[in-house]
Amino acid sequence: MDGSPTRQRLLTLTGVDKVFGGEVVALRGLDLDVFEGDFISLLGPSGCGKSTALRLIAGLSHPTSGRIAWEAGEQSLSVVFQEPTLMPWATVAQNVWLPMRLKGQGFAAVRGEIMDALKLVGLEKFQNAYPRELSGGMKMRVSIARAMVTHPKLILMDEPFAALDEITRFKLNNDLLAMQAKLGCTVIFVTHSVFESVFLSDRIVVMAARPGRVIEELPVTAPYPRTEEFRTSAEYAAWCRGASDALNRAIGAA
Ligand SMILES: Nc1ncnc2c1ncn2[C@@H]1O[C@H](COP(=O)(O)OP(=O)(O)OP(=O)(O)O)[C@@H](O)[C@H]1O
């Protein structure tokens with residue numbers, strides 16, 4: 001999706017710096033415009049500040065200088081981490097219930113919403129299973145259902161599929177796009193993978209390290225829905241080459 005003026009602006013980062021301990025410049029001058037419905041990937045080498053940027057947007061940490069402004073006023077977001085971080089003693093449905101439970105909502109009152117979120121990730125039959133009974137991909141699906149159950153406007157994902165095998169990763173990439181299309185949410189996705197960033201995103205923000213900064217923004221204008229046909233097309237390969245070149249420039253610039 002493009003950043004056309006007809007779409008609602010969700011979030012603006014202006015000149016955001018993050019310095020740790022007075023000397024580690026994790027981010028310098030980060031500018032980012034986020035519009036509703038965007039799928040933005042932050043792509044870059046280790047240490048370029050991708051996770052730091054996500055933590056700042058999530059409000060888990062504060063900028064040393066610069067500004068993060070929510071246009072609609074109210075923040076509405078969820079975070080998905082690389083580890084699914086499920087409670088081992090709770091069932092799949094109880095794990096998905098967590099954000100609602102924290103708001104004081106009883107299980108029975110929100111059971112329908114929990115089941116809808118589980119249907120979205122294809123795990124409705126596993127509502128009573130425990131995390132130890134699930135594969136790595138299924139645990140990640142539960143984590144995504146937990147993030148989506150409250151219908152946040154923005155979902156922040158920090159290398160959610162990095163630990164999964166390639167086939168599971170492809171499947172989750174496909175399913176994530178289908179879920180985003182269904183819910184109409186905005187996603188900011190951290191990844192090391194050129195292939196994943198091209199398949200998923202309408203915009204790739206390429207970052208360099210020391211200090212962490214944006215090197216370039218790469219629009220991926222290939223239309224959605226992105227299918228298996230797209231994944232094996234010459235067009236996809238060309239986009240991946242472009243993103244890979246940009247990543248090499250970012251590594252060279254460090
Ligand atoms: N709490 C902290 N205290 C000190 N330095 C930190 C802290 N968090 C991050 N850093 C440093 O800030 C820089 C950016 O780290 P960050 O984790 O954001 O990078 P990243 O791009 O997400 O890396 P990776 O891809 O390896 O996860 C690194 O040099 C890191 O060591």
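**View 1. The shell around the ligand, by residue class.** Four nonpolar, eight polar and one charged residues make up the shell around the ligand; here Ala, Val, Leu, Ile, Met, Phe, Trp, Tyr, Cys and Pro count as nonpolar, Asp, Glu, Lys and Arg as charged, and the others, Gly among them, as polar. The model is predicted: local features need pLDDT of at least 70 and side-chain atom pairs count only at pLDDT 80 or more, while totals for chains, interfaces and linings use all residues. Residue numbers start from 1 along each chain as its sequence is written. The ligand is surrounded by 13 residues, the closest being Phe20, Ala26, Ser46, Ser51 and Thr52 (near means a C-beta atom, placed from the backbone, within 6 Å). Strand E2 (24-35) and helix H1 (50-58) are the elements that give two or more residues to this shell. H1 provides the largest share, three residues.

**View 2. The open sheet of six strands.** The strand order is E5-E6-E7-E3-E8-E9, with mixed pairing. Two strands pair if DSSP finds at least two bridges between them. Strand E5 (77-80) and strand E9 (213-219) are the edge strands, each pairing on one side only. On average, neighbouring strands of the sheet are turned by 15° against each other, direction ignored. Axes are lines fitted to C-alpha atoms, for helices over the stretch in contact, and angles run from 0 to 180 degrees between N-to-C directions.

**View 3. Pairing of E6 with E7.** Strand E6 (residues 154-158) runs parallel to strand E7 (residues 186-191), and the two are joined over five bridges. Leu156 has Ile188 in E7 as its bridge partner.

**View 4. Helices lying across the sheet.** Helix H4 (residues 136-148) lies across E5 and E6, at about 170° to E5. Helix H8 (residues 234-253) lies across strand E3 (39-43), strand E8 (203-208) and E9, at about 170° to E9. Two residues are in contact if their C-beta atoms, placed from the backbone, lie within 7 Å.

**View 5. The protein chain as a whole.** The chain has eight helices and nine strands; helices (H or I, at least four residues) and strands (E, at least two) are DSSP runs, numbered from the N terminus. Its C-alpha trace spans about 50 × 45 × 40 Å along the principal axes. Of its 254 residues, 39% count as buried, that is, with 20 or more other C-beta atoms within 10 Å of their own, C-beta atoms being placed from the backbone. Among contacts with a separation of 6 or more, 74% are between residues 24 or more positions apart.

How values were computed: Buried ≥ 20, exposed ≤ 12 C-beta atoms within 10 Å, placed from the backbone.
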